Amino acid sequence: MLQLSKLQCMRTLASVDDSYELCRQVTASYAKNFYLGTQLMPEAKRRAIWAIYVWCRRTDELVDGPGSDATTPETLNLWEKRLESVFAGHPHDDYDVALVDTLSRFPIDIQPFREMIAGQQMDLYRSRYETFEELNLYCYRVAGTVGLMSMSVMGVGESSSAANWNWHWGNRIPKEEAIALGIAKQLTNILRDVGEDARRGRIYLPLEDLALFNYTEEDLFNGVIDNRWRELMRFQIQRARKLYASAEPGIKVLSPDIRWTVWAATMLYSRILNAIERNQYDVFQKRAYVSNSQKLRCLPAAWMKSKVL
C-alpha cells in the first residue's frame, strides 16, 4: 500500500487541479455533512481542507478500512516516512499532489499529522480505555489534531478583540479551542457508533464511567438499554456539550470568511447528540443522524452567529 511500484514511479501524477478534484469527490462521498460546510468556504481554503480531509481519511483507513487486518506498526511507520516526503514536496500518488500544493500555500506544521498517526497506532493494540484521561489522549490524537491542521488554513481575523487572546504559534491559532472542537466531534462519533464499535469488539466509553453507573461490558455487548444506560449516556452527552461550548470562543475570532462554515459544521455535528436523545439513547439498533431539513434550518442560524458573535 505504502510503496510505489515501478509503474507508479514512471507514470505522470495528476495535475494539481485534477488532484484537488479527486479530493473533492472523496470528501463529498464519505463526509456529506462536512462537505456541505466546505461549500461555504472560499475556494482556496475549501480545496486545502479537502486535501487535509483525504489524508486523514486514508490514515484512518489503514486501521479501520478494507485491508486493515494487514496493518502493522511498521505499516504506520512507513506511512509517517511517506508523510515526511510529502512535507518535503515529493508526492507519492495523485492524492498527495493536492496536499503538497496545500502545504506550499498555508503554514501547516507536520506535528499534528504525526500525532494522528500515533492515534492510529493506539487502535492497533487497544480496544478499551480505563479512564477519560486515557480516552481524551486518543481523541486528541485522532481528532483534536484535525483542528490544528485546519486552523492554519482557516486563519484568524484582525479585529482588536483578537489581541486579547492567548494565541499559539506565530500565526496566532487558537490552539485549545481547536483541540476542544475536534475532541467534541470525536466523542460525538463515539456515542453515535457504540453499537458498531461493539460489534467489532471495541468499547470506547471509559470503563470507569461504565462502573460509575453499574453498567457492564456484557450489558453493552448485549445492547441493554435501561435506566443505567440512559444515565450513562446523559453523562457522556453532557461532557461532549461542554467541549463544544469551550470551543465556541475560538470560532468567534476566526477569519470572517470562514466563521459561517465552522459555526454550521459545529451546530450540525452537535445536533447528532440531539438525535441520540430523540432515539431514546438507542445507539445499538438506530443510527443518529441530522436530516436534510435540519441541515437547511441550521444554515441561517449559523450565518447569524458568524455575523453577530
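1. A polar atom of the Lys 45 side chain lies 2.8 Å from the backbone oxygen of Met 154. A polar contact here is a pair of N or O atoms within 3.5 Å; within protein, one must be able to donate a hydrogen and the other to accept it, and residues adjacent in sequence count only if both atoms are side-chain atoms.

2. The model is predicted: local features need pLDDT of at least 70 and side-chain atom pairs count only at pLDDT 80 or more, while totals for chains, interfaces and linings use all residues. Residues are numbered from 1 along each chain as its sequence is written, and side-chain values use heavy atoms, with hydrogens and water left out.

3. Lys 45 belongs to helix H4 (residues 43-64); helices are DSSP runs of H or I with at least four residues, numbered from the N terminus. Its relative accessible area is 13%, so Lys 45 is buried (under 20%; exposed is over 50%, partly exposed in between; 1.4 Å probe, protein chains only). Neighbours within four places in sequence aside, Lys 45 is in contact (heavy atoms within 4.5 Å) with Phe 106, Val 153, Met 154, Ser 255, Asp 257 and Ile 258.

4. Helix H4 also holds Arg 57 and Arg 58. Arg 57 counts as partly exposed because its relative accessibility is 23%. With neighbours within four places in sequence left aside, Arg 57 is in contact with Val 26 and Tyr 30, whereas Arg 58 is in contact with Trp 79, Arg 82, Asp 93, Tyr 95 and Asp 96. The C-alpha atoms of Arg 57 and Thr 27 are separated by 9.1 Å, at 30 residues apart along the chain. For Arg 58 and Tyr 289, 231 residues apart along the chain, the C-alpha separation is 23 Å.

5. The largest nonpolar core has 83 residues, of which Trp 55, Leu 135, Leu 187, Leu 205, Leu 220, Trp 229 and Ile 276 touch the most other members. Helix H8 (residues 132-154) gives the most to this core, with 12 residues. Another core lies apart from it and has 10 residues, including Cys 23, Val 26, Tyr 53 and Val 54. A nonpolar core is a set of buried Ala, Val, Leu, Ile, Met, Phe, Trp, Tyr and Cys residues joined through side-chain atoms within 4.5 Å.

6. Ile 276, leaving aside neighbours within four places in sequence, is in contact with Leu 191, Arg 192, Met 233, Ile 237, Tyr 281, Val 283 and Ala 288.

7. Trp 303 sits in helix H15 (residues 292-308) and counts as partly exposed because its relative accessibility is 37%.

Key
Helices (H or I, at least four residues) and strands (E, at least two) are DSSP runs, numbered from the N terminus.
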